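Here is a friendly briefing to read alongside the model. Please keep the viewer open while you go through the points.

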Amino acid sequence: MTSSRIAVAVSFVVNGALYGSWAARVPALADQVGAGVDGVGLALLGPAVAMVLTTSPAARACAHWGPRRVLVTCLTAACLLLPVLGLADSVWALGLALALLGGLMGAVDVSMNIAAVAVVRRLDRPLMPVFHAGFSFGVLGGSLGAAGAAALSSPPMAQFTVVGVAALATVAVTARAIPDNHAPGEDRPAGGFLQVMSRGRLWLLAGVALCAAIAEGACAEWSALFLVTERSAGDAAAAAAHSGFAVAIAVTRLTGERAQRRFGPYRLLMLSGILAAAGLFLAAVVPSAVAGYAGFAIAGIGLAFCFPLAMDLAGAAGNEPGGTGGDRELGFVTTVAYAGLLAGPPMIGGVATLADLTVAMGLVGVIALLIVPVTVAARPRW
């Protein structure tokens with residue numbers, strides 16, 4: 001089972017590296033297709049919508065064929081599609097390629113979480129935050145590689161080809177060790193998404209994932225602009241805030257197994273929500289760039305466990321009375337969370353337009369704090 005654990009962790013890293021590789025080259029892709037801010041925004045809407053649309057079908061596919069087949073197929077397709085981004089010569093071509101890639105990565109996200117739940121169950125170890133740390137480090141690695149390629153004036157096509165080939169080779173080496181959470185012909189609990197959606201506790205866990213996704217997306221996408229416009233930081237210094245937030249999440253997730261054993265998943269979720277809200281309130285209330293850096297780093301520490309624990313608990317709910325095995329439960333919670341990633345940025349932008357980014361960040365702090373009462377309501381009573 002050690003090889004399965006390593007294979008799943010590698011899948012998280014590869015998925016993160018693919019995302020970090022293209023996301024960091026968006027300015028170069030915009031220049032390549034001659035797109036302005038509006039065009040880039042339109043192109044980036046495609047992958048967000050595609051991820052929301054593919055999570056539910058991916059969960060059903062995993063329930064039917066097992067997560068290994070879905071994960072390997074979709075991750076392989078994503079590796080092959082990545083270099084195609086470098087061929088885009090118009091906003092529409094770029095948007096279509098990104099939408100296809102986003103859909104594949106959404107399916108990868110669901111299937112690799114289902115595979116991770118299989119490892120967690122078989123080893124009886126709370127490893128979900130550690131797996132998600134792999135994704136975070138993958139994003140960092142992909143972003144650093146993209147920064148190096150940009151510094152060398154390497155075109156996106158060349159960089160994406162190198163990354164795609166390396167990722168494809170990695171998938172080929174680890175594919176056989178990725179677990180299926182059930183054997184062919186094994187009896188599976190009956191039920192579908194309507195049954196899943198009728199369970200109130202799953203809606204609450206989805207609410208936790210939704211709040212975490214909105215807060216994490218706000219910190220990742222708005223922290224730099226917040227520090228420039230509201231705290232008078234320079235562009236380079238403001239960009240460091242995003243890096244600090246990303247490193248805080250990645251490093252904190254490595255401690256997830258120990259933290260979950262000590263506090264339990266529900267208490268850890270509540271503490272995480274309080275810490276995330278405290279960091280965001282610090283950044284929003286104290287008119288200092290230093291407080292902003294510290295606040296976003298604290299928020300990163302707090303948010304590190306929220307999404308993976310929500311996934312872990314959703315998978316575990318599949319084995320409870322009324323559950324369907326975990327695949328559909330994970331797909332449902334992931335779909336709701338991705339809806340938050342889709343709705344969060346325009347919501348924050350709207351609040352910032354009506355007031356300012358300080359008020360918007362304060363609102364995000366309130367959303368992060370909602371994780372606490374929602375977690376309390378989600379705790380099983382038996």
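A pocket is found on a 1 Å grid over the protein atoms alone, as an open set of points with protein on both sides within 12 Å along at least five of seven lines, and its lining residues have an atom within 4 Å of a point. This is a predicted model, where local features need pLDDT of at least 70 and side-chain atom pairs count only at pLDDT 80 or more, while totals for chains, interfaces and linings use all residues. Residues are numbered from 1 along each chain as its sequence is written, and side-chain values use heavy atoms, with hydrogens and water left out.

**The second largest pocket**

- The second largest pocket has a volume of about 190 Å³, where a volume is the space filled by probe spheres set on grid points joined across faces, edges and corners.
- Its lining is made up of Val117, Val120, Arg121, Asp124, Arg125, Pro126, Gln260, Pro265, Asp312, Gly315 and Ala316.
- H5 and helix H14 (306–317) are the elements that give two or more residues to this lining; helices here are DSSP runs (H or I, at least four residues), numbered from the N terminus.

**Confidence**

- The average pLDDT of the protein is 85, and 90% of the residues score at least 70; pLDDT is the predictor's confidence in each residue, from 0 to 100.
- Among the elements, H8 has the lowest mean pLDDT (61), and helix H12 (residues 265–285) has the highest (96).
- The pLDDT is below 50 over residues 183–190, a stretch that has 13 contacts in the model beyond near neighbours in sequence; a contact means heavy atoms within 4.5 Å.

- Most residues other than glycine have a negative phi.
- Asp124 is not a glycine, yet has a positive phi of about 55°.
- Asp124 sits in the loop between helix H5 (91–123) and helix H6 (128–151), and is exposed at a relative accessible area of 63%; exposed means over 50%, buried under 20% and partly exposed in between (1.4 Å probe, protein chains only).
- Ser232, also not a glycine, has a positive phi of about 60°.
- The loop between helix H9 (200–231) and helix H10 (235–254) holds Ser232, which is exposed with a relative accessible area of 69%.

- In soluble globular proteins, nonpolar side chains tend to be buried together.
- The largest nonpolar core has 108 residues, and those with the most contacts inside it are Leu18, Trp22, Leu85 and Leu280; H5 supplies the largest share of this core, 16 residues.
- A nonpolar core is a set of buried Ala, Val, Leu, Ile, Met, Phe, Trp, Tyr and Cys residues joined through side-chain atoms within 4.5 Å.
- Not counting residues up to four places away in sequence, Trp22 touches Leu29, Leu44, Pro47, Leu82, Leu85, Leu98, Leu101, Met105 and Phe160.

**Around Ala149**

- Ala149 lies in helix H6 and counts as buried at 9% relative accessibility.
- Leaving aside neighbours within four places in sequence, Ala149 is in contact with Arg25, Ser154 and Gln159.
- Ala149 and Phe160 are 11 residues apart along the chain, and their C-alpha atoms are separated by 9.8 Å.

**Salt bridges**

- The count comes to four salt bridges, each being a side-chain nitrogen of Lys or Arg within 4 Å of a carboxyl oxygen of Asp or Glu.
- Asp180 forms a salt bridge with Arg68, with the closest N and O atoms 3.9 Å apart.
- Asp180 is in the loop between helix H7 (156–174) and helix H8 (193–197) and Arg68 is in helix H4 (residues 67–81), so this pair ties together parts 112 residues apart in sequence.
- In that pair, Asp180 is buried, with a relative accessible area of 17%, whereas Arg68 is partly exposed, with 32%.
- Arg125 forms a salt bridge with Glu257, and their closest N and O atoms are 2.7 Å apart.
- This pair links distant parts of the chain, with Arg125 in the loop between H5 and H6 and Glu257 in helix H11 (residues 256–263), 132 residues apart.
- Arg125 counts as partly exposed at 27% relative accessibility, whereas Glu257 is buried, with a relative accessible area of 16%.
- A network of salt bridges links Arg125, Glu257 and Arg261.

Definitions and conventions:
On a 1 Å grid over the protein atoms alone, a cavity is a set of points where a 1.4 Å probe fits but cannot get out, and a pocket is an open set with protein on both sides within 12 Å along at least five of seven lines; lining residues have an atom within 4 Å of a point.
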